[in-house]
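Me: I have a model open and would like to learn how to read it. Can we go through it feature by feature?

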Amino acid sequence: MNDLLLTTRGRKSGTLRRTALLHVRDGERYILAASDAGADRHPAWYLNPTANPEVTIQIGPETFPVTARTAAPEEKPRLWELIVAAVPSYRDYQEATDREIPVVIVDRAS
């Protein structure tokens with residue numbers, strides 16, 4: 001699991017927001033967990049792309065546009081296991097909260 005910088009537009013303010021996140025790869029896609037360390041609310045970075053899915057990520061020196069979406073229920077179990085295999089503490093985060101931690105799929109924009 002590696003770091004990436006996600007830049008979103010604030011859903012209320014319109015201000016650009018940058019967040020450092022861990023990610024795993026699934027082929028050409030980037031997979032993120034909106035865990036907020038098991039907090040009872042979704043992290044703000046997750047709420048922003050639900051309003052505007054056109055975001056930007058930076059990995060190392062490369063920055064590029066992407067589209068973010070929440071994994072569908074049928075996609076999530078396999079992707080969640082990829083995340084937990086890379087960082088087992090994510091399983092603890094899920095156990096620490098009653099909310100379902102979303103998995104976000106990030107695809108390069110075409």
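This is a predicted model: local features need pLDDT of at least 70, side-chain atom pairs count only at pLDDT 80 or more; totals for chains, interfaces and linings use all residues.

Me: What does the side chain of R25 meet?

Reply: Side chains of opposite charge can pair when their charged atoms come close. Here the side chain of R25 forms a salt bridge with that of E28, at 3.8 Å from N to O. E28 is exposed, with a relative accessible area of 61%.

Me: How many salt bridges does a search of the whole structure find?

Reply: The search finds 8. Another of the pairs is E62 with R108, whose side chains meet at 3.1 Å, N to O. This pair links distant parts of the chain: E62 is in strand β5 (residues 62-70), R108 is in strand β6 (residues 103-108), and 46 residues separate them.

Me: Which salt bridge links two helices?

Reply: Take E81 and R91, whose side chains meet at 3.5 Å, N to O. E81 belongs to helix α2 (residues 76-86) and R91 to helix α3 (residues 89-95), 10 residues apart. E81 is partly exposed, with a relative accessible area of 40%, and R91 is partly exposed at 36%. There is also a network: D26, R29, R69, E75 and R78 are joined by salt bridges that share partners.

Me: Now the strands. How do β4 and β5 run?

Reply: In a regular strand the side chains alternate between the two faces of the sheet. In this model β4 and β5 run antiparallel and are joined by 6 bridges. E54 stands opposite T67 in β5. The two strands form a hairpin with 2 residues between them, and G60 in the turn has a positive phi of about 60°.

Me: Which residue in β6 is the bridge partner of V66?

Reply: That partner is R108, the residue whose side chain also forms the salt bridge with E62. β5 and β6 pair in the antiparallel sense, over 5 bridges.

Me: What should I make of a positive phi?

Reply: Most residues other than glycine have a negative phi. Two residues to look at here are D36 and A37. D36 is not a glycine, yet its phi is positive, about 50°. A37, also a residue other than glycine, has a positive phi near 55°. D36 is found in the loop between β3 and α1, and A37 lies in the loop between β3 and α1 too. D36 counts as partly exposed, at 42% relative accessibility.

Me: What does V104 touch?

Reply: Leaving out residues up to four places away in sequence, V104 touches Y30, I31, L32, W45, Y46, A68, R69 and T70.

Methods:
Residues are numbered from 1 along each chain as its sequence is written. Side-chain values use heavy atoms; hydrogens and water are left out. A salt bridge is a side-chain nitrogen of Lys or Arg within 4 Å of a carboxyl oxygen of Asp or Glu. Buried means under 20% relative accessible area, exposed over 50%, partly exposed in between (1.4 Å probe, protein chains only). Helices (H or I, at least four residues) and strands (E, at least two) are DSSP runs, numbered from the N terminus. Contact means heavy atoms within 4.5 Å. Two strands pair if DSSP finds at least two bridges between them.
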